[in-house]
Number of protein chains: 2
Amino acid sequence: MLTSKTVQQFLDETASSSPAPGGGSVSALAAALGAALTSMVCRLTIGKKKYADVQTELEDVLRQSEEYRQRFTALIDEDTQAFNKVMAAFALPKDSDELKRRRDAAIQEATKKATLVPLKLMEVCEQALQLAKVVAEKGNVNSVSDAGVAAKILMAGCEGAYLNVRINLANLTDESFSAQTFQQADGIARRVTTTTNEVVTVVQTKI
Amino acid sequence: MLTSKTVQQFLDETASSSPAPGGGSVSALAAALGAALTSMVCRLTIGKKKYADVQTELEDVLRQSEEYRQRFTALIDEDTQAFNKVMAAFALPKDSDELKRRRDAAIQEATKKATLVPLKLMEVCEQALQLAKVVAEKGNVNSVSDAGVAAKILMAGCEGAYLNVRINLANLTDESFSAQTFQQADGIARRVTTTTNEVVTVVQTKI
């Protein structure tokens, strides 16, 4: 598992000449860091007298945020695995027409899967961002900048995933799948930008 | 050192009820991931026949990118240390006017330092982003989405640092320092947004 490496090792392996872990796994890690910051602000709010009226709501936010963090953490590995399967398909033999046909089919199938992993990441980022918004609005004001960083880094994870969806779609021949996935990803990317800007406005008025 | 922890431990400690590591260290880690991806694209380009004409330039980019990555990695710890010093100053005794005066001075000094660490992070992010732009324009086109993710995550690191500069400035009484630092941070934030948009445009035309 990539998350059992040290941070230094993860950085070194990312920087290495091996294409994995690459932008997909890094985007998932960014999102996990955003969810972790959201959880931190919840924990720095819950139990404080001044915030007693939002305690139950933030306990619920914390539960969801930790669930999303776990999901993001799993996606770090899932992205690298999906990428490795695409590479494995490209490495299949192509010495006859039949082998070529099989190789092409394997590439298409692996690439579809490698598109769906960052699409899932985008979906969870959008949900996690709603939680960052709640903690920016209602969480401990001393940690409001952390809520802002959470939103910014969740947006970066989402936009990084979007670029990975796009580059994989470019290699797919199934036009109906491509059109549908593009539309879905594009919608999430737009909504995430809007929500992030809303969070940053809240943060800046509170600083 | 925070980078000698596993990725899972780093995430867990961020999510914990301890305020450090918080948004500042997470922003520095985001930036380090951006620099790591920039280095990866360099390494996936250098030595390839098709890119022989940019080899020398990308070797130079790689050298700088790895330097910035090291700087970002150091800033992960520096931010947490600076934050802990602010907390230590707040914990000083205030049982007499003289002690109060000393405590206030210590808080001001520690907060200034805690402002300069994210400001440095912003400065290095701006420089590192120029490298992400070069690799997006000239690097291996198969890795162009990674160059895009590098830019997005460097921007998130920079904007996260900006929020940390802002929240620390709000606690400072030295108006001349505050005005100058605000102006400097604001300028970097604007230029970084522009450059990131330029990188994303390059990436999207190449996908």
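How many residues of chain B are in contact with residues of chain A? In this predicted model, 55 residues of chain B touch 55 residues of chain A, where contact means heavy atoms within 4.5 Å. Local features require pLDDT of at least 70 and side-chain atom pairs pLDDT 80 or more, whereas totals for chains, interfaces and linings use all residues. Residues are numbered from 1 along each chain as its sequence is written, chains are lettered from A in the order in which they are written, and side-chain values use heavy atoms, with hydrogens and water left out.

**Chain A**
- Chain A contains six helices and zero strands, these being DSSP runs (helices: H or I, at least four residues; strands: E, at least two) numbered from the N terminus.
- Its pattern along the sequence is α-α-α-α-α-α.
- The C-alpha trace of chain A spans about 75 × 35 × 25 Å along its principal axes.

**Relation of the two copies**

**Interface**
- The copies meet through the same surface, because 100% of the interface residues of chain B are also interface residues in chain A.
- Between them, chain B and chain A bury about 4,400 Å², of which 72% is on carbon and sulfur atoms; buried area is the accessible area (1.4 Å probe) that two parts lose on being put together, summed over both.
- B:Val7, B:Leu11 and B:Leu163 supply 14% of the area that chain B buries against chain A, more than any other three residues.
- Four salt bridges cross the interface, each defined as a side-chain nitrogen of Lys or Arg within 4 Å of a carboxyl oxygen of Asp or Glu.
- B:Asp12 forms a salt bridge with A:Arg69, with the closest N and O atoms 2.9 Å apart.

**Cavity**
- There is one cavity of 30 Å³ or more, a cavity being a set of points on a 1 Å grid over the protein atoms alone where a 1.4 Å probe fits but cannot get out.
- The largest cavity has a volume of about 40 Å³, taken as the space filled by probe spheres set on the points.
- Helix H5 (144-169) of chain A and helix H5 (144-169) of chain B each supply at least two residues of its lining.

Conventions. 1 Å grid on protein atoms, 1.4 Å probe; cavity = no way out; pocket = protein on both sides within 12 Å on 5 of 7 lines; lining within 4 Å.
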